[in-house]
Every structure is written in structure tokens, then in C-alpha cells.
Amino acid sequence: MEHQTHITLPKGSIEKTTTTLNIGPTHPATHGVFQNIMEVDGERVVSTEQTVGYIHRAFEKLAERRPLYQITPITDRLNYCSSPINNMGWHITCERFLKLELPKRVDYLRVIIMELARISDHLICNSIVGVDTGAYTGFLYVMQYRELIYEIYEEVCGSRLTTNIGRIGGFERNFTNTAFTKLEKFLNEYPKVLKEFENLFARNRIFMERTQGTGGISAARAMNYGFTGPNLRAAGVDYDVRVQQPYSSYQDFDFKVPVGTTGDNYDRFLVRNAEMYESISIIKQAYQKIQEFKGTDAEVYHADVPEYYLPKKEDVYTKMEALIWHFKIIMGEIDLPKGQIYSAVEGGNGELGFYLVSDGGRTPFRLHFRRPCFIYYQAFEELIKGGMLSDAVVTMSSLNLIAGELDA
Amino acid sequence: MALSNETIQNKLVEKFGDQVLNFSTASGILSFESSKEINLKVLQYLYEEPSLGFTFLTDLCGVNYPDNKGAELVVVYHLHNFSENIRLRYSVSTSVTETAVFTASKLFESANWMERETYDFFGINFVGHPNLKRILNVDEMDYFPLRKEYPLEDQTRIDKDDEMFGRG
């Protein structure tokens with residue numbers, strides 16, 4: 001490649017009346033690695049070109065050489081604000097593909113974890129919208145309560161951010177009493193805080209004037225752009241994977257799907273807030289259902305699938321069959337059935353899909369992640385065109401873009 | 001009337017005859033194929049026919065089957081009808097030497113980046129795409145990394161200088 005020794009300006013760049021502004025890849029106003037090359041006329045955005053891929057890590061290629069259980073840690077690193085949902089989504093894809101039946105208790109435990117993850121995801125997104133409109137307090141305040149969620153993860157799986165939680169067929173261990181105590185503490189303390197958080201913003205004049213009417217999109221355009229999740233619902237389409245194609249026994253729960261009308265930043269904020277209340281209600285229902293299990297049913301935390309679920313360590317040392325399965329699983333020597341599947345879960349920011357193609361080998365032949373924010377980030381230019389530069393920053397945060405997911 | 005996989009299949013066969021083929025149902029999703037020349041006609045029919053209404057493009061991606069001579073590269077479309085809540089998988093294949101496939105980005109704005117991604121990783125040339133260039137990889141890259149001819153590095157290789165990574 002020819003090396004350029006000086007900067008050549010494009011033709012006409014001296015005469016033009018707009019300014020070219022480069023934001024990013026790393027910039028305090030973009031929460032994540034996003035680059036935008038904007039044309040601005042004064043403070044109005046004329047056009048923008050998004051550059052993505054700065055933290056591309058070739059997950060789809062990596063997955064082609066890994067047995068199914070080793071792909072779970074890869075999914076952690078997609079949307080790292082709600083990694084348990086990604087983990088569960090992957091487990092559910094595998095279980096659907098392998099046609100495994102799961103005990104109800106496992107489903108309910110998963111629902112608790114997934115809804116906690118949804119709360120922590122929305123919490124970050126909404127409080128960051130607050131930060132970008134000039135209200136730092138809410139962000140710092142709710143971080144304490146995200147910490148409570150992380151402590152629950154820690155109690156269940158040992159880690160906090162990149163969780164690798166659960167296994168194909170269930171959980172790696174049963175929830176301890178401490179985990180349930182921590183869950184109760186969260187359920188007791190959090191709703192009050194969420195109400196305070198909402199009071200801080202929802203009818204706050206400054207916040208309303210900054211967010212209403214900015215970054216809006218119609219339902220038809222949002223669908224054409226492939227929006228899913230809270231961003232689509234804020235535009236008025238009541239599409240939620242949990243309702244439309246229930247997984248992990250979501251059909252057993254009673255919850256509402258909040259929708260907005262204008263699809264602007266304010267509606268997105270409100271939809272996420274309302275969803276957090278619904279998530280709390282789902283967690284309460286799931287916890288109640290779990291407490292109803294009695295006797296041996298109350299101890300079930302995984303399905304009986306020796307081909308995919310690691311045996312207990314003491315069995316590995318004492319029983320031949322367990323030793324064989326342990327070896328085969330760890331070495332990735334389980335042949336998958338032939339076929340393909342598309343399976344989706346409702347992630348923190350939209351429909352997180354897994355398209356798995358297997359040719360009968362031990363690793364996926366091809367695995368494609370449908371990453372919601374990669375698809376809807378395309379609409380960014382349309383959302384901010386003609387608006388103020390400072391509103392573009394708010395729009396970007398309120399879309400809940402997660403660089404790790406976008407770049408896969 | 002609820003839309004079923006059979007109805008979709010019948011409608012498609014009625015419209016396109018034997019140009020649409022290989023219907024199968026796996027995990028509740030109907031999948032079918034066609035030649036790449038009519039991909040836009042099929043997508044547009046699925047979009048515009050009121051009784052089908054597949055107006056949402058969930059996913060678009062590529063798959064590489066190096067052993068299928070003449071049809072090494074496959075473009076897979078996942079479509080969704082929200083009101084009937086039914087999914088559909090549609091794929092077209094192309095040879096690795098002649099990779100032109102018509103772009104769906106005029107029908108679905110969401111296809112724009114997904115096609116760029118598919119181009120980036122598989123080198124499928126989407127004819128009529130407004131801005132077909134690499135998206136996740138660097139522009140200077142001169143190969144298409146998700147094709148099977150580019151295997152991952154051998155994990156057992158020993159000729160590598162690992163000092164930089166603290167393993168030397």
C-alpha cells in the first residue's frame with residue numbers, strides 16, 4: 001500500500017459550509033467504542049457515517065472449533081451488561097437443538113437470573129441516558145443496586161460480569177440459601193429505589209425537554225430497520241420474544257409488555273423503566289413458584305442428560321460411566337446431530353438469536369449470532385439527522401448500544 | 001385464519017412453481033431454497049402478499065459449504081411475520097467463483113449492514129448494494145475469513161514466539 005506523507009483534503013473541503021467532526025472511536029460521550037464521522041452545520045447534524053468493528057473478536061469463527069459448552073464464555077462477551085441472558089439463550093438454543101426436556105424448577109431459576117440481568121441492563125442504559133442529559137446522581141445511586149444483582153450472580157456462579165452461568169441442561173450447582181437471601185434483599189430494597197429513580201427523571205422538565213421528540217422513529221421504519229426489544233416497543237410494536245415464542249416457561253408468568261408511541265428517547269426511557277417493574281414482578285412470581293416445590297423436586301437444578309451435563313466430581317472418581325462421560329464432555333468428543341436451528345431469546349436490547357448449523361461433527365459447522373444492536377445501529381443516521389449534536393449523544397445512549405455485542 | 005407452514009408452502013409453489021424447492025420443516029421453522037436469480041422476487045412476494053406478510057427481516061447471514069461444488073456459498077434469510085407470529089427460513093446459493101446475489105437492502109433497510117457483514121466474511125457480492133464495503137474487519141484485508149478454506153491457527157503449533165504473551 002502506498003504511504004501518504006501528507007494529508008490531502010478532499011476537493012471542495014475549504015469552500016464547503018459544513019464542518020466535518022470526528023467523534024470516537026473512544027470518546028467520553030460515546031459509552032463504548034463507536035466512531036462517527038459527522039457533517040455538522042453549526043450544531044445541527046447533517047449526516048453521519050458510523051464505523052464499527054473496533055473490538056471485533058471473530059466469535060463466529062472461534063465457535064467453529066469449540067464444543068458447545070465452550071461457546072458459553074464467548075456469549076458472555078456479547079452484551080456484557082446482561083451476559084446471563086446470552087448464556088441462557090445459548091443453552092436454550094443447544095437444548096432445543098438436542099431436544100432436551102428441562103425440569104420446571106430449572107426454567108424458573110433461569111427466569112430469575114434472566115430477569116435480574118434485564119434489570120441490570122436497563123438500569124445501566126437508563127441511568128446513562130440520565131448522565132448524558134446532565135444528571136449524574138441517578139447513575140451513581142442505582143449502581144449500588146446493580147451491585148446487589150452482581151452479588152446474586154456471584155453466589156450462583158462465582159463471577160460477576162462475564163458470568164458463564166448455567167450449563168446445557170441446567171445449572172452447575174443448586175442455588176444456595178445465601179443466594180435466595182440476597183434475592184430477597186434485592187426484591188425488598190430495589191422497587192423503592194426504582195421509584196425514586198423514576199421520580200428523578202420521568203417528570204423532570206429538563207429531562208423531558210432534552211429527550212422528548214429527539215431520536216424518534218415510526219413503527220414502520222423501526223420494523224424496516226430491524227429494531228427489536230425496548231427500542232421497537234417504544235415505537236409502538238408490542239413484539240416481545242418472551243410472549244411471542246416463549247422459552248424457559250415464560251408462558252407460566254403473568255406480565256405486561258409496555259409499549260410507547262413515538263419511539264423517541266423519552267419513550268425508550270419509559271419503556272425500559274416499565275419493563276424493570278415487570279421484571280421485578282416476574283422474579284417474585286418465579287421465586288414463589290420455586291418455593292412451592294417440595295421434597296426431592298425442591299433440589300432439582302439440572303436435567304438428566306449425561307451426554308452434555310458434567311457428572312458430579314465424586315462420581316467421576318468412583319464410577320466408570322461417570323468417568324467416561326466426564327472425559328468425553330471435557331475433550332469435546334460428543335457428536336452433534338445433523339441439522340440447523342434458529343432460536344431467539346429476548347435479550348437486554350432486543351431479539352438475541354442464535355443460528356446454529358451442524359453437519360454432524362463435534363463443533364458447530366457455522367454459528368451466527370443475531371446481535372440486535374448491530375442491526376438497529378444502522379438507523380442512527382436517520383434518528384439524529386437534522387437534530388442537535390448534543391441530542392445525538394443522548395440518542396446513542398438511549399439505543400442501548402453495546403460495543404461488545406455490535407462487533408461480535 | 002392462522003397462517004401455517006403448509007399454507008405458505010402452497011402459496012409459494014402456486015406462485016413460483018418448481019423454482020422454489022427443498023421445502024423442509026425443522027424446529028417448527030419452514031425452510032426452502034430457490035435459485036439466486038429470483039431471490040428478490042421471492043422476498044418481495046413474501047413481503048407484499050397480504051396473506052403472507054413477512055415484513056420483518058430477522059437475520060441475514062452466509063454459510064460456506066466447500067464440498068457443494070457450484071453452490072459453495074449460501075445466503076440465509078430469516079423472515080418473521082409479527083402478526084401471525086411465524087418464522088421462515090429462505091436460502092439461495094451461489095458458486096464461489098461467481099458470487100453475485102441481488103441485494104435485499106431496497107426492501108429491508110436492515111439488510112444493509114447484514115449484507116456488508118456477509119460480504120466481509122464470505123465475499124458474497126450483493127449487486128445493487130448502496131455501500132458494499134467491509135464492516136467489521138479492516139479495509140485492507142484481502143481474504144474472506146469465515147470461508148472454510150481459512151482454518152483457525154493450529155492450537156498445537158510450537159514454532160511461535162510466545163515471549164510477547166508472557167508464555168515464552
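## Close-up views of a predicted two-chain model

**View 1. Chain B in outline.** Read from the N terminus, the elements of chain B follow the order α-β-β-α-β-β-β-β-α-β, which amounts to 3 helices and 7 strands. The model shown here and in the other views is predicted. The C-alpha trace of chain B extends over about 65 × 35 × 30 Å along its principal axes, and 40% of the 168 residues of chain B count as buried.

View 2. In chain B, 5 strands build an open sheet of mixed pairing, arranged in the order 1-2-5-4-3. From one strand to the next, the twist averages 20°. Strand 3 of chain B runs antiparallel to strand 4 (residues 73-81) of chain B, and 8 bridges join the two; within this pair, B:Leu60 is found opposite B:Tyr77 of strand 4. Helix 3 (residues 111-122) of chain B lies across strand 3 and strand 4 of chain B, and its direction makes an angle of about 5° with strand 3 of chain B.

**View 3. The contact between chain A and chain B.** Chain A contributes 31 residues to the contact and chain B contributes 28 residues. On the side of chain A that touches chain B, at least two residues come from each of helix 1 (59-63), helix 8 (219-224), strand 4 (338-346), strand 5 (351-359), strand 6 (366-370) and helix 14 (372-376) of chain A. Sorted by class, this side of chain A comprises 13 nonpolar, 10 polar and 8 charged residues.

**View 4. Helix 4 against helix 5 in chain A.** Helix 4 of chain A packs with helix 5 (residues 136-157) of chain A at an angle of about 160°, their axes being 9 Å apart. Because angles over 145 degrees count as roughly antiparallel, helix 4 and helix 5 of chain A are described as roughly antiparallel to each other. The crossing of helix 4 of chain A past helix 5 of chain A is left-handed. Among the residues that make the contact are A:Ile113, A:Leu116 and A:Leu123 of helix 4 of chain A, together with A:Phe139, A:Val142 and A:Arg146 of helix 5 of chain A. By class, the residues of this contact are 12 nonpolar, 4 polar and 1 charged.

View 5. Helix 16 (residues 389-398) of chain A is mostly covered, with 8 of its 10 residues buried; the buried residues include A:Asp391, A:Val393 and A:Met396. The elements that cover these buried residues include strand 3 (44-51), helix 4 (104-132), helix 7 (205-211), helix 11 (265-291) and helix 15 (380-384) of chain A. Just after helix 16 of chain A, A:Asn400 adopts a positive phi of about 60°.

**View 6. The loop residue A:Asn79.** A:Asn79 is located in the loop between helix 2 (68-76) and helix 3 (83-98) of chain A. A:Asn79 counts as buried because 28 other C-beta atoms lie within 10 Å, the cut-off being 20 or more. Leaving aside residues up to four places away in sequence, A:Asn79 touches A:Asn86, A:Gly347, A:Gly348, A:Asn349, A:Ile402, A:Gly404 and A:Glu405. A:Asn79 and A:Asn349 are separated by 270 residues in sequence, yet their C-alpha atoms are 8.6 Å apart in space.

Note on methods. Residues are numbered from 1 along each chain as its sequence is written. Chains are lettered from A and ligands numbered from 1 in the order in which they are written. This is a predicted model: local features need pLDDT of at least 70, side-chain atom pairs count only at pLDDT 80 or more; totals for chains, interfaces and linings use all residues. Two strands pair if DSSP finds at least two bridges between them. Helices (H or I, at least four residues) and strands (E, at least two) are DSSP runs, numbered from the N terminus. Axes are lines fitted to C-alpha atoms, for helices over the stretch in contact, and angles run from 0 to 180 degrees between N-to-C directions. Two residues are in contact if their C-beta atoms, placed from the backbone, lie within 7 Å. Ala, Val, Leu, Ile, Met, Phe, Trp, Tyr, Cys and Pro count as nonpolar, Asp, Glu, Lys and Arg as charged, and the others, Gly among them, as polar. A residue is buried if 20 or more other C-beta atoms lie within 10 Å of its own, exposed if 12 or fewer, and partly exposed in between; C-beta atoms are placed from the backbone. Angles under 35 degrees count as roughly parallel, over 145 as roughly antiparallel, 65 to 115 as roughly perpendicular and the rest as oblique. A crossing is left-handed if the near helix is turned anticlockwise from the far one by less than a right angle, and right-handed if clockwise.
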